[in-house]
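Let's walk through this protein from one residue's surroundings out to the whole fold. Have the viewer open and follow along.

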Amino acid sequence: MSNTTRKLPGALAHLPFPVIGSPLFIISNPKLVIAQCKAGVVGSMPALNARPAAQLEEWLIEITETLAEYNAANPDKPAAPFAINQIVHKSNDRLEHDMAMCVKYKVPIIITSLGARSEINDAAHSYGGVVLHDIINNHHAHKAIEKGADGLIAVAAGAGGHAGVKSPFALISEIRQWFDGPVALSGSIATGQGVLAAQAMGADFAYIGSAFIATEEARATPEYKQAIVDGNSDDIVYSNLFTGVHGNYLAPSIKAAGLDPANLPESDPSAMNFGGDAKKAWKDIWGCGQGIGAVGKVQTAGEFVGDLKAQYASAKQALA
């Protein structure tokens, strides 16, 4: 099991349930984030989902005020904190603006991706925020902590979107040889048993994304949600064609775009882009992880988290 004596910083210290909902490009919105937090897991969304940029402040007001009202009405069962994902890559020309909004509204958790920058970490720390940086290997993990991140999101093989190729067993083991801070594990987790397994490996939290796409609150098309319900790991394709970075995608969406999932060309990594053009690619090509075989229906985020909690408790009891 995880190290129960490990002291977790800030908003991570007392989560109702050890799950962080991963930020889903285009799909995550305030409705989903609020539902996740009320259900007891960290809800998150990319700052870039708010378009135009001015919409981010409106969304942050909606989230913070709604959760504050909920917590006031439910002092014995408060919501989990929320997180905002910042793409630190040089193609993101909104980073300074979006981070300023996060500072203004004191976003509890900042998730940084595609680059580690000390000034972003410093900005979050200025008001007591916690920074988690997603990484795909031990080398990047070291760099993130050196730059001042508080914790890591280990994106292992099988994760949706921009995933790595490392086994979660190898990646968590290597990180835990030198780092005793907060770690979330990402990669094909869609059940309560998976959450418990992540903790058994040494992670503090499970990082779950694809299963939340098939929830009523998610801003995904009905066809996208149904493809997740109908699909399994055989339907996932790993390619760098669409953004310049390798990621996992649903084969049906690739076929619908007129491409052969079995014969996709390689992209030049120098063409990497996460600005406006990336939105079209992610709208037409559906990112998804290998864990979708466990998703059997479209339901509310609260119902899905309820299933996770029940499965987690059952698995824990079975091992007692």
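This is a predicted model: local features need pLDDT of at least 70, side-chain atom pairs count only at pLDDT 80 or more; totals for chains, interfaces and linings use all residues.

A residue is called buried when its relative accessible area is under 20%, exposed when it is over 50%, and partly exposed in between, using a 1.4 Å probe and protein chains only. Residues are numbered from 1 along each chain as its sequence is written, and side-chain values use heavy atoms, with hydrogens and water left out.

So where does Asn49 sit? You'll find Asn49 in the loop between β2 (43–46) and α2 (55–73); helices (H or I, at least four residues) and strands (E, at least two) are DSSP runs numbered from the N terminus. A polar atom of the Asn49 side chain lies 3.0 Å from the backbone oxygen of Leu24. Setting aside neighbours within four places in sequence, Asn49 has contacts (heavy atoms within 4.5 Å) with Leu24, Phe25, Ile26, Ile27, Ser28, Gln55, Trp59 and Arg219.

Now zoom out. The protein has 12 helices and 10 strands. Its radius of gyration, taken over C-alpha atoms, is 18 Å, close to the 20 Å from the globule rule (2.2 Å times the number of residues to the power 0.38) for 320 residues, so the protein is as compact as a globular protein of that length. The C-alpha trace spans about 50 × 45 × 40 Å along its principal axes. Of the 320 residues, 54% count as buried.

Notes:
A polar contact is a pair of N or O atoms within 3.5 Å; within protein, one must be able to donate a hydrogen and the other to accept it, and residues adjacent in sequence count only if both atoms are side-chain atoms.
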